[in-house]
Amino acid sequence: MSENAQTETNPHAESVRKLASAMLRYALWPSVATATVAVLVSTLLTGTSGLFSSLIGVGVALVSSLATLALMRKTAAMNPMMVMAVAMGGLVGKLLALLGIAAALGSLSWLHREALALSMLAVVLVWAGAEALAFRKTKIPTIIPDGR
Amino acid sequence: MSNIVLAQEAVNLNQGLAAIGYGLAAIGPGIGVGLVWAAVINGTARQPEAQGKLMGIGWTTFALSEVLALLGFIVYFIASA
C-alpha cells in the first residue's frame with residue numbers, strides 16, 4: 001500500500017470504528033432486554049412512579065453508553081493526544097450532565113429513587129460487560145507500514 | 001430523645017452529603033481515564049503501528065472507568081432518599 005493510500009484510508013481509524021460497531025452490536029440488544037425487564041419489575045413492585053423512575057434511569061444509562069460509542073467513532077481518525085482531550089472532555093461533560101439531572105430530579109416527590117438507581121445499575125453493568133466481551137472477540141490488527 | 005437526635009431530625013443532611021459523595025466518586029474515574037490515555041499516548045509514541053490496537057484498549061478501559069462514575073451517580077440517588 002502506498003503512503004497516499006494509507007493516509008486516505010487510515011487503517012487505525014478503521015480498526016477503532018470496527019471495534020465501536022462490534023461494541024454496539026454486542027451491547028445493544030442485551031441492554032434493551034435488561035432495560036425492559038427492569039422497567040417491568042419496577043412497575044410491578046412500585047406502580048406508576050416506579051415505571052417512570054425506571055424509564056428515566058434506563059434512558060440515562062442508554063444515552064450515556066451510546067454517547068461513549070459516538071465519541072469513539074468521531075475521534076477514530078484523530079491522534080491519541082486529541083483523543084485523550086476529547087475523552088476527558090466527554091467524561092467531564094457527562095458528569096456535569098448527570099449532576100444537572102440529579103438536581104432537576106431531586107425535588108420530584110413522586111420519584112422512586114431505588115427504582116431509578118437499580119434500573120440504571122442493571123443496564124450500565126450489562127452494557128459494560130457486553131462491551132468488554134466485544135473487545136475480547138474482535139480481532140484488531142497490528143498495522144505494519146511499508147518499508148519495514 | 002436527646003438533643004443530637006432532635007437536631008438530626010430537624011435538618012436532613014442526606015442530600016448534601018450524597019452530593020459530596022458523588023463528587024468524591026468522580027475523582028477515581030478521572031484519575032483512571034487520565035492514566036489510560038497517558039498509557040495509550042506513550043505506547044503509540046513507542047510503537048506507532050500499534051495505534052489502532054492501543055486505541056481499542058484505551059476506549060474499552062475508558063468505558064469501564066466511566067462505569068465507576070455512573071455508579072457514583074447511582075449511589076447518590078440511593079443515599080439522598
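Here are some worked exercises on a predicted model with chains A and B.

## Exercise 1: Sizing up the interface

Find out how many residues each chain puts into the contact, and how much area the two chains bury between them.

**Solution**

Step 1. Start by counting residues. Chain A brings 48 residues to the contact, and chain B brings 37.

Step 2. Now turn to area. The size of an interface is often given as the accessible area lost when the parts come together. For chain B and chain A, that comes to about 3,700 Å².

Step 3. Ask what kind of atoms the area sits on. Carbon and sulfur atoms carry 78% of it.

## Exercise 2: Polar links across the interface

Count the salt bridges and polar contacts between chain B and chain A, then work out which helices of chain B face chain A.

**Solution**

Step 1. Look for salt bridges first. The rule finds one across this interface. Its partners are B:Glu66 and A:Lys94, with the closest N and O atoms 2.8 Å apart. The cut-off is 4 Å, so this pair passes.

Step 2. Count polar contacts next. Between the two chains there are four residue pairs in polar contact.

Step 3. See which elements of chain B supply the touching side. Helix 2 (14-25), helix 3 (27-46) and helix 4 (51-79) of chain B each give two or more residues to it. Helix 4 of chain B has the largest share, with 21 residues.

Step 4. Sort that side by class. You get 25 nonpolar, nine polar and three charged residues.

## Exercise 3: The neighbours of A:Thr68

Where does A:Thr68 lie, and which residues does it touch?

**Solution**

Step 1. Find the helix. A:Thr68 is in helix 3 (residues 48-74) of chain A.

Step 2. Decide whether it is buried or exposed. Its relative accessible area is 4%, so A:Thr68 is buried.

Step 3. List the contacts. Leaving out residues up to four places away in sequence, A:Thr68 touches A:Lys94, B:Trp59, B:Phe62, B:Ala63 and B:Glu66.

Step 4. Look more closely at one of them. The side chains of A:Thr68 and A:Lys94 are joined by a polar contact of 2.7 Å.

## Exercise 4: A cluster of rings

Describe the aromatic pairs B:Tyr22 with B:Tyr76 and B:Phe73 with B:Phe77.

**Solution**

Step 1. Know what to report. A pair of aromatic rings is described by the distance of the centres and the angle of the planes. Over all chains, the structure has seven aromatic pairs.

Step 2. For B:Tyr22 and B:Tyr76, the centres are 6.2 Å apart and the planes make an angle of 50°, a tilted pair. B:Tyr22 belongs to helix 2 and B:Tyr76 to helix 4 of chain B, so to speak two distant parts of the chain, 54 residues apart.

Step 3. Check burial. B:Tyr22 is buried at 6% relative accessible area, and B:Tyr76 is buried at 7%.

Step 4. For B:Phe73 and B:Phe77, the centres are 5.1 Å apart with 75° between the planes, which makes the pair edge-to-face. Both lie in helix 4 of chain B, four residues apart, about one turn of the helix. B:Phe73 and B:Phe77 are both buried.

Step 5. Ring pairs link B:Tyr22, B:Phe73, B:Tyr76 and B:Phe77 into a cluster.

Terms used: Residues numbered from 1 in each chain as written. Chains lettered and ligands numbered in written order. Predicted model: local features only at pLDDT ≥ 70, side-chain atom pairs only at ≥ 80, totals over all residues. Heavy atoms only, no water. Contact = heavy atoms within 4.5 Å. Buried area = accessible area lost by both parts, 1.4 Å probe. Salt bridge = Lys/Arg side-chain N within 4 Å of Asp/Glu carboxyl O. Polar contact = N/O pair within 3.5 Å; in protein donor to acceptor, adjacent residues only side chain to side chain. Nonpolar A, V, L, I, M, F, W, Y, C, P; charged D, E, K, R; others polar. Phe/Tyr/Trp six-rings, centres within 6.5 Å; stacked < 30°, edge-to-face > 60°. Buried < 20%, exposed > 50% of the residue type's maximum accessible area, 1.4 Å probe, protein only.
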